[in-house]
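Student: Could you walk me through this one? I am new to it and would like to go piece by piece.
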Amino acid sequence: MYDIIGDIHGCYDELDKLLTKLGYCYHLESDKSINHPTRKAIFVGDLIDRGPNSPAVLSLVMEMVKGGAALCVLGNHDDKLRRYLKGNKIKINNGLQSTIDQLEKTKEFSKNGPHSARHMDFGKLQKFLEGLPTQLLLDDGKLLVAHAGLKEKYHGVHNKKSRAKALYGETTGEKDADGYPVRKDWASKYTGDRVIVHGHVRGEEVRIKNKVYNLDTSCVYGGKLTALRYPEMEIVSVDALKAHWESKKLTV
Ligand code: MN
């Protein structure tokens, strides 16, 4: 039914490989769009930043969403690009500059080029990002997808607080020795029946606690790009072609 895909962070070649491995193919009547005959892709967000081709990932995901082949939730990195495009004053860090540079470069490309070198319409991109939900309840409520995971009390709740939790997760407000936020381990206490799938916190393997699945397997740092096939709960991964971005720490 669904193939839920973890943080991509501009790793277009790995995304292409993963979609092929999952059986997605180019639409017969158009070599522009990609889909699966019976399944739908769900992106957990953080499509961009740090990796080699964020515009290509955006271009492909935008087309899949438009064509009904995929759904996508907003990640914190995507949200920051959204605010940048809106003209908000933001601090450009954590790889956002690489995305801005890559997006500027697409101005040289043709509108009909392959996703890897296609002109990006900034207006359409902004509209796409503005339209992304921060949480998706699917399969008659049996499945929830949110970028950073989401405690049960925020499921189906749409306000400023639930939005922030879906984008950034549960943190204590403290930083660890490497400067990363200290996270609350709510998943270990989760007793609900609903499957919760997220990304955001990188690790080497998929982490499963109760019915909570973290799919961020550090592709941009040289790990893997991972999909969870739902409801089969089968994990499908492809190895990163290389470490695209240096990391102080792999496992959180
Ligand atoms: Mn991420």
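Student: Why does D7 count as buried?
Tutor: D7 counts as buried because its relative accessibility is 3%, and buried means under 20% relative accessible area, with exposed over 50% and partly exposed in between (1.4 Å probe, protein chains only). This is a predicted model, in which local features need pLDDT of at least 70 and side-chain atom pairs count only at pLDDT 80 or more, while totals for chains, interfaces and linings use all residues. Residues are numbered from 1 along each chain as its sequence is written, and side-chain values use heavy atoms, with hydrogens and water left out.
Student: And H9, buried or exposed?
Tutor: H9 is buried, with a relative accessible area of 5%.
Student: Which residues coordinate the manganese ion?
Tutor: D7 (OD), H9 (NE2) and D46 (OD) coordinate the manganese ion at 2.1 to 2.4 Å, where donors are N, O and S atoms within 2.8 Å of the metal (3.2 Å for Na, K and Ca), and sites may look incomplete since water is not among the atoms.
Student: How are those donor residues spaced in sequence?
Tutor: The spacing is D-x1-H-x36-D.
Student: New topic: what is the strand order in the open sheet?
Tutor: The five strands have the order 5-4-1-13-14, with mixed pairing; strands are DSSP E runs of at least two residues, helices H or I runs of at least four, both numbered from the N terminus, and two strands pair if DSSP finds at least two bridges between them.
Student: How many bridges join strand 1 to strand 4?
Tutor: Four bridges join strand 1 (residues 2–5) to strand 4 (residues 40–43), and these strands run parallel; D3 stands opposite A41 in strand 4.
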